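Visitor: I'd like to learn how to read charge pairs and packing in a model. Can you walk me through one?

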Amino acid sequence: MNDLTIVDLLTSVIPRTATSGTLLKAYWKKQLDEKMEIALSEIRQGALDKINMEDRISIAYRICRSISEGIANHNFKLICRLLQGLSNNNKLSAKTFNRFSSILETLTEEELKVIAYDIWMYKNPKPKISTETRTKTEKGPTFIILKESEEYKDWKTKALEFINSLNIKINTNDIFDRLVSGGKYIIKGENPFSTIHYSLLRTGLYSLDILTKQKNEVGDGKGCPIFELSPLMMELMDYIDIYLDNNF
């Protein structure tokens with residue numbers, strides 16, 4: 001029994017009855033063929049070896065339920081990657097897998113793009129923008145020359161490429177420039193992802209804080225929402241790569 005693969009488990013727990021209609025059988029075959037191809041590309045042999053049979057069956061049923069509900073392929077890929085990541089970290093159990101998979105299966109394509117953007121910026125913090133050269137004259141002022149650093153130029157190029165690869169809909173060049181600026185773009189202006197960020201609060205992957213703008217700094221004194229990656233997101237990042245290599 002220990003050599004059962006995820007494919008063995010899935011095909012064994014799929015309901016097969018004599019009364020199943022032709023359409024239902026065709027639907028299951030199409031869904032299963034697509035999802036098995038993804039599972040085989042993401043889950044290695046032996047990923048389930050460290051857990052007991054009850055947990056294996058529970059995980060298989062959870063995956064089958066996602067397939068039956070027509071889960072999108074990019075969500076299913078993340079769930080398979082989660083299973084492998086938990087196994088790699090010796091954290092695989094039905095309880096932990098179900099906890100995170102229930103979040104991953106609900107994420108929309110746009111939400112996944114925003115999460116991928118936020119994680120990229122977190123893992124690739126913006127370097128110092130400028131280098132400074134000071135020239136002090138004998139009896140005059142000190143001249144300061146600011147030059148864009150090579151490190152920042154390289155980072156900005158990579159950030160632009162990454163944002164373009166996500167195909168995020170940006171309304172104006174100003175918003176696009178703020179995105180590439182990295183860091184807390186919402187302090188400089190309206191958060192272009194605020195609607196999606198508010199929606200993502202339901203997952204527990206983000207936390208919300210309110211930054212109060214002082215009147216002497218901005219002039220309006222209004223509050224500004226700050227969305228931070230939560231401890232739950234930090235844990236999830238240990239198990240999987242949210243970004244799907246342009247395959248959204």
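Predicted model: local features only at pLDDT ≥ 70, side-chain atom pairs only at ≥ 80, totals over all residues.

Visitor: Where in the chain do Glu111 and Arg202 sit?

Guide: In distant parts of it: Glu111 belongs to helix H6, while Arg202 is in the loop between helix H10 (194–200) and strand E3 (206–212), 91 residues apart.

Visitor: Is Glu111 buried or exposed?

Guide: Glu111 counts as buried, at 5% relative accessibility.

Visitor: What does Lys113 pair with?

Guide: With Glu109, in a salt bridge of 3.7 Å, N to O. Lys113 and Glu109 are about one helical turn from each other because they lie four residues apart in helix H6. Lys113 is buried at 6% relative accessible area, whereas Glu109, at 33%, is partly exposed.

Visitor: How many salt bridges does the whole structure have?

Guide: Searching all of it turns up twelve. One of them joins the side chains of Arg65 and Glu69, 3.9 Å from N to O. Arg65 is partly exposed at 38%, and Glu69 is exposed at 56%.

Visitor: On to packing. Which residues have the most contacts inside the largest nonpolar core?

Guide: Leu82, Leu83, Phe97, Leu104 and Ile115, in a core of 44 residues. At least two core residues come from each of H2, H3, H4, H5, H6, E4 and H11. H4 gives the largest share, seven residues.

Visitor: What is Ile115 in contact with, leaving aside neighbours within four places in sequence?

Guide: Its contacts are Leu107, Leu200, Leu205, Tyr206, Met233 and Ile242. Another core, of 13 residues, lies apart from the largest one and includes Tyr152, Phe162, Ile163 and Phe193.

Visitor: Which residues of H5 are buried?

Guide: Ala94, Thr96, Phe97, Phe100, Ser101, Ile103 and Leu104. Among the elements covering the buried residues of H5 are H3, H4 and H11.

Conventions: Residues numbered from 1 in each chain as written. Heavy atoms only, no water. Core = buried A, V, L, I, M, F, W, Y, C linked by side-chain atoms within 4.5 Å. Buried < 20%, exposed > 50% of the residue type's maximum accessible area, 1.4 Å probe, protein only. Contact = heavy atoms within 4.5 Å. Salt bridge = Lys/Arg side-chain N within 4 Å of Asp/Glu carboxyl O.
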